[in-house]
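Good morning, and thank you for coming. Please look at the sequence and the structure as we begin.

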Amino acid sequence: MDGYSRLESFRKMRIGQHVFKPVMFPEGGLPGPPDQFFQHLLLLSGRIGVLFSNRKLPEFKSFTYQGTKQWHAVGKKRVSAGKGTNINRTFGRASTHPDVKPKVLKIIAVLTGVLLLAIVGCIFFFLATEFNPPRRLTPVLKGSASAFEKTKTEFSLLIWNIGYAGMGAECTFFYDGGEMVFPPKDVVEESFANILKEVKEHSGVDFILLQEVDIRSARSWNTNQYEGLAGILTGFTGTMAINYRSPFIPVPLNQPLGKVKGGLAFFSRYSPDHAQINYFDNSFPFPERLFQLKRCFLTLRFRMSNGKE
């Protein structure tokens, strides 16, 4: 049967039935471009038939049977392939595996694309929100401290790492090899109340230097610890050197640390002549540096009566 007879056979098919009469032609088909032209003509004829019959256009599938490629027009029913039959194309587009449906592949591709976009979006978010302070920064001083006594030669200090009121004996922090991420709220509140009490009892000192003081961090249950300390230290001038700030710490994955803002707190009975925060170089590799603290030290200078500081 030549190409035109096959085309006429196709025209006689009833478009819209569940299963259509197969249109058969060998692997070689009509040689060269005419074979491609004939295939397009088949599709065009089917579309014209659908236009006048208001029926759904059938799908065209090809498969190899006994060494011969054959084209089948199918309706709602699935083409059943016999033993050894390999259905390898749908509308002429090859699939990666004959047993995987195109819809499944499409869903996998979409999910993979969404996952990649989410990862790239997270990286850009953390890069844009990374705490990247300058090497030197002038802090803001607040309080009502008196002028420095230039003739004074002895000074008292209180230095304490308060651990954001969440590093007591009952807490095992995951960064230190433990399992706890968030200490219980009642533990943090009780611990911070004891810290305030201890600082208040030693408020007669000249300088109070505290580390790991939080400002509304998730790990300390959104408590502004700096304001709480400043509230009981009347007659002091205070300032903060932020060394840890991130809108969201994603580790550990099962219970992210969340928002963090904290650092060094300094309270003085005397107003300093100069104050400066100095940040060290960030030694953490990417991307770990996005979620680590930026180490620093706070310097306050007071001029003595002999001209020295």
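A nonpolar core is a set of buried Ala, Val, Leu, Ile, Met, Phe, Trp, Tyr and Cys residues joined through side-chain atoms within 4.5 Å. Please keep in mind that this is a predicted model.

Let us start with the cores. The largest nonpolar core contains 35 residues, and those with the most contacts inside it are I208, L210, V213 and F267. Which elements each supply at least two residues of this core? They are α4, β8, α5, β9, β10, β11 and β12. Helix α4 gives the most, with five residues. In general, nonpolar side chains tend to be buried together in soluble globular proteins.

Consider F267 in particular. Beyond its neighbours within four places in sequence, F267 is in contact with several residues, among them I208, L210, L229 and F236. There is also a second, separate core of eight residues, which includes V181, Y244, V260 and F291.

I turn now to two helices. The axes of α4, residues 185–201, and α5, residues 225–232, come within 10 Å and cross at roughly 35 degrees. This crossing is right-handed. On the α4 side the contact is made by F192, L196, V199 and K200, and on the α5 side by Q225, G228, L229 and I232. By class, these comprise five nonpolar, two polar and one charged residues.

Finally, the cysteines. How many disulfides does a search of the whole structure find? The search finds zero. C122 is partly exposed, at 41% relative accessible area, whereas C296 is buried, at 11%.

Conventions. Residues are numbered from 1 along each chain as its sequence is written. This is a predicted model: local features need pLDDT of at least 70, side-chain atom pairs count only at pLDDT 80 or more; totals for chains, interfaces and linings use all residues. Side-chain values use heavy atoms; hydrogens and water are left out. Axes are lines fitted to C-alpha atoms, for helices over the stretch in contact, and angles run from 0 to 180 degrees between N-to-C directions. Helices (H or I, at least four residues) and strands (E, at least two) are DSSP runs, numbered from the N terminus. A crossing is left-handed if the near helix is turned anticlockwise from the far one by less than a right angle, and right-handed if clockwise. Contact means heavy atoms within 4.5 Å. Ala, Val, Leu, Ile, Met, Phe, Trp, Tyr, Cys and Pro count as nonpolar, Asp, Glu, Lys and Arg as charged, and the others, Gly among them, as polar. A disulfide is a pair of cysteine sulfur atoms within 2.5 Å. Buried means under 20% relative accessible area, exposed over 50%, partly exposed in between (1.4 Å probe, protein chains only).
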